[in-house]
Amino acid sequence: IFIVHFFSTEIVGAIALLSAILVLFSTIFSLGLGTGVQHFISYYLGRKDPDAIGHIIKKMGLVSVLLGIFAFIVTWVSAPLFAVLFFHSSGYTIYLQLLSIALIAQVVNSIIFNMLLGLQKFKANAIRNIVASSLAYGSIIPLLYLNYNPLMILVGWNIGYFTGTVLTTIYLAGKVKNIESKHVENVKIKPIFYYSIPLFISSLLGYGATYVDRFTVSYFLSLSEMGIYNFSLLIVSALSSIIAPFPAILLPKLSEYYGKGDYATMKMLSSKAIEVMMAVYLPLALLVAAISPSILLFLANKDYLPGFIPIIIILVVNSIFISSNVLGVSLQAVRKTRIFLLSSSLALLSNLILSIVLIPRYSINGAGIAFSSIYIVVFAVLFYYAKKYDTITIEKLKIAKILFSGFLMFFIMFLVQEHLGYSILKLFLYIIAGLGIYILIIRVTKTFNDTDLDLFLSLLSDKYIIIKKLIRKILV
């Protein structure tokens, strides 16, 4: 958001490509081990075996460092080739070499941050993520004031990501210093790799499904249009951070119940998570979609206004099928990970075909349609298998009430904005009015009661009693 006020849409597009490459390479070199580590640590937590947990942290921590170093070497050496391949100019070699340094931290973090989640240290994980992200992006501002050069953005990324690595390593070091090796002879590391391989392939396919439209935009259109489209996706991805805690909290808990053989609680917890997640995410996503022109003018400038149509398309579709996040976690918990190969493959195929067909004709609006297709495809596959393996139930009436409340608010706010126009004051009034309308409809239709929320809110520590009371007050 900050750099759009410093640089042209073309430079913003180049930075967007660098960010996409960083995600791609960290996905490749981390081998999907983060999710595997998280699952097995939670599994041994349920079996009350701390020595096994410490053994996994120690061994997989070393693996993460080796993978990070390997990623750095490959990327640094290949930087001239990648510069021509991705940017059609050798002038971006230095950018990719700086990126290769940040890649070390990203590969390591993708594994060790998941160790914290496996230990169910959600607060510790959140704090380290916040610190790393704040430094990675917040340090860019003073760096650019010191040296007005896009390279400073990459320097900021390095500062933030390595800080997160150091803080997490220090925390985990205390978990392994008292390991008694005699208790861990039967704890093998290979099962973690076997568990992770399908997820690794799935994550690669998932990356392709998520990013192929961006690379297609950069191929068929200009870097400037890439910058506009990516800024729109930035707003969409910012909303995704709202639901990030749901899968992160659910997987360790569901894995723990799986270890105990308590399948009924697993199923009920997953179902309530879907309802609460939709009730929280759907109104926010639809409100942002409705007033997206105002938001783009507020955060950027009129050059980015063409991005409001992709925002509406993506957020409307995403809000309807957002429950796939919980469906996927419920299947991971019962170790049905190969399903993700199918869902990711089909999503990639859908996005790729639609991107090639629609982007040359409809520009970034076609990219928005292609991108949205992945939500539909992934939901269809995961819903089918979640029903097949009986990991979840759906209360159709309750979901219908949430959808009705959200979309009624969306249409009202879209029409209000079109009639009243835009100003900074009006933008904040739109937000307050939209949320107020949604909450009123939710309460009038009596979508939730106390019993519905009790099971899900029990996942939160009593330290978050204020948050619990706020959620209950809003929804009930």
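# Helix packing, aromatic pairs and backbone notes

L31 counts as partly exposed, at 31% relative accessibility (buried is under 20% relative accessible area, exposed over 50%, partly exposed in between; 1.4 Å probe, protein chains only). This is a predicted model: local features need pLDDT of at least 70, side-chain atom pairs count only at pLDDT 80 or more, and totals for chains, interfaces and linings use all residues. Residues are numbered from 1 along each chain as its sequence is written, and side-chain values use heavy atoms, with hydrogens and water left out. A search of the whole structure finds 14 aromatic pairs.

**Positive phi in loops**

- L31 lies in the loop between helix 1 and helix 2 (33-46); helices are DSSP runs (H or I, at least four residues), strands are E runs of at least two, and both are numbered from the N terminus.
- The phi of L31 is positive, at about 60°, although L31 is not a glycine.
- Most residues other than glycine have a negative phi.
- D390 is a second case: its phi is near 55°, again positive in a residue other than glycine.
- D390 sits in the loop between helix 15 and helix 16 (396-420).
- With a relative accessible area of 45%, D390 is partly exposed.

**Helix 10 against helix 14**

- Two packed helices are described by the angle between their axes and the distance between the axes.
- Helix 10 (residues 245-260) packs on helix 14 (residues 324-333) at an angle of about 30°, with the axes 9 Å apart. Axes are lines fitted to C-alpha atoms, for helices over the stretch in contact, and angles run from 0 to 180 degrees between N-to-C directions.
- Helix 10 and helix 14 are therefore roughly parallel to each other (under 35 degrees is roughly parallel, over 145 roughly antiparallel, 65 to 115 roughly perpendicular, the rest oblique).
- Helix 10 contributes P247, L250, L251, L254, S255 and Y258 to the contact (heavy atoms within 4.5 Å).
- Helix 14 contributes N325, V326, V329, S330, Q332 and A333.
- The residues of this contact between helix 10 and helix 14 divide into 8 nonpolar, 4 polar and no charged. Ala, Val, Leu, Ile, Met, Phe, Trp, Tyr, Cys and Pro count as nonpolar, Asp, Glu, Lys and Arg as charged, and the others, Gly among them, as polar.

**Helix 11 against helix 12**

- Helix 11 (residues 263-290) meets helix 12 (residues 292-299) at an angle of about 75°, with the axes 5 Å apart.
- That makes helix 11 roughly perpendicular to helix 12.
- V288, A289 and A290 of helix 11 make the contact with S292, P293 and I295 of helix 12.
- The residues of this contact of helix 11 with helix 12 are 5 nonpolar, 1 polar and no charged.

**Aromatic pairs**

- The whole-structure search gives 14 aromatic pairs. Rings of Phe, Tyr and Trp (its six-membered ring) pair if their centres lie within 6.5 Å; planes under 30 degrees apart count as stacked, over 60 as edge-to-face and the rest as tilted.
- F29 and F70 have ring centres 5.8 Å apart and planes at 75°, so the pair is edge-to-face.
- This pair links distant parts of the chain: F29 is in helix 1 (residues 9-30) and F70 in helix 3 (residues 50-87), 41 residues apart.
- F29 counts as buried at 12% relative accessibility, while F70 counts as partly exposed at 49%.
- F371 and Y375 also form an edge-to-face pair, 5.7 Å centre to centre with 85° between the planes.
- F371 and Y375 are 4 residues apart in helix 15 (residues 339-388), so about one helical turn separates them.
- F371 is buried, with a relative accessible area of 5%, and Y375 counts as buried at 15%.
- F407, F410, F411 and F414 form one aromatic cluster.

- G13 is found in helix 1 and is buried, with a relative accessible area of 0%.
- Leaving aside neighbours within four places in sequence, G13 is in contact with L223, M226 and G227.
- G13 and A300 are 287 residues apart in sequence, and 14 Å apart in space, C-alpha to C-alpha.
- N230 lies in helix 9 (residues 223-243) and is buried, with a relative accessible area of 17%.
- Not counting residues up to four places away in sequence, N230 touches A16 and R214.
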